[in-house]
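Morning, everyone. One structure today, and I'll keep it brisk. Please have a look at it first.

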Amino acid sequence: MLYVERVRNYTKIMGLNRGVEQAVGECIEEGILAEFLSNWKAEAIAVSIFEYNAKRERKLWERDQREYLRAQVKEEMREEIREEVRAEVQKEVRAEIQADWAKRHRTGREEGRIQGIIATGTLLGISKEQIFYFIENYPQWTRAVCRLVH
């Protein structure tokens, strides 16, 4: 563990290559794994650098994967929200169209009825001014007459 701790500490200060070389040199001087590190110094340095790089690369890869997945989930959520909003807007538009159609239909029927009242009143000898007076001032009368006319 002494060797690994030194590698970690020195790589923070000196960078990876110099930190590993410094740790190996000190461990040999202080008798920590001295025989092994003396006999296999180049290999120990290479493996330590490779292992350290592999861990670093794995962390970077995991971070990249998290970022990628986060972006993917965000896009999926955006699409779900778009679909929900699209469905809500479609409902609203359909309701508006139906209300508009119903209003036009009612208005058209009323206009037709009023024309019928005017035609009937004219046939009965009532002036248009009198008919309009009743239509404007007595809406209940107008509805009652509309029912009789149609």
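Let's start with salt bridges. The count comes to eight. Keep in mind that this is a predicted model.

I'll take one group of them. E75, R78, E79 and R82 are linked in a network of salt bridges. Let's go through the pairs.

First pair: R78 and E75. Their side chains meet in a salt bridge, 3.8 Å from N to O. Both residues lie in helix α4. They are three residues apart, about one turn of the helix.

Next, R82. The side chain of R82 meets that of E75 in a salt bridge, at 3.3 Å, N to O. R82 also forms a salt bridge with E79, where the closest N and O atoms are 3.0 Å apart. R82 and E79 are three residues apart in helix α4, so about one helical turn separates them.

R78 has a relative accessible area of 44%, so R78 is partly exposed. E75 comes in at 38%, also partly exposed. R82 is at 37%, partly exposed again. E79 is at 34%, and that counts as partly exposed too.

Now the overall fold. How many helices and strands does the protein have? Six helices and zero strands. Along the sequence the pattern reads α-α-α-α-α-α. Helix α4 runs from residue 41 to residue 123.

How much of the protein is buried? Of its 150 residues, 19% count as buried.

One buried example is S48. S48 sits in helix α4. Its relative accessible area is 13%, which is under the 20% cut-off, so S48 is buried. What does S48 touch, leaving out residues up to four places away in sequence? Y3 and V20.

Last topic: surface charge. R8, K12, K55, R58 and K59 gather in a patch of positive charge on the surface. Which helices supply at least two residues each? α1, residues 2–14, and α4. The most comes from α4, with three residues. One member to look at is K12, in helix α1. K12 has a relative accessible area of 68%, so K12 is exposed.

To close, two things to find on the model. The salt-bridge network of E75, R78, E79 and R82. And the positive patch, with α4 giving the most to it.

Key. Residues are numbered from 1 along each chain as its sequence is written. This is a predicted model: local features need pLDDT of at least 70, side-chain atom pairs count only at pLDDT 80 or more; totals for chains, interfaces and linings use all residues. Side-chain values use heavy atoms; hydrogens and water are left out. Helices (H or I, at least four residues) and strands (E, at least two) are DSSP runs, numbered from the N terminus. Buried means under 20% relative accessible area, exposed over 50%, partly exposed in between (1.4 Å probe, protein chains only). Contact means heavy atoms within 4.5 Å. Patches are made of residues with over 30% relative accessible area and no salt bridge: like charges are joined within 9 Å, nonpolar side chains (Val, Leu, Ile, Met, Phe, Trp, Tyr) within 5 Å. Accessible areas come from the Shrake-Rupley method with a 1.4 Å probe; for residues, only the protein chains shown count as cover. A salt bridge is a side-chain nitrogen of Lys or Arg within 4 Å of a carboxyl oxygen of Asp or Glu. Lys and Arg count as positive and Asp and Glu as negative; His and the chain ends are not counted. The place of a charge is taken as NZ of Lys, CZ of Arg, CG of Asp or CD of Glu.
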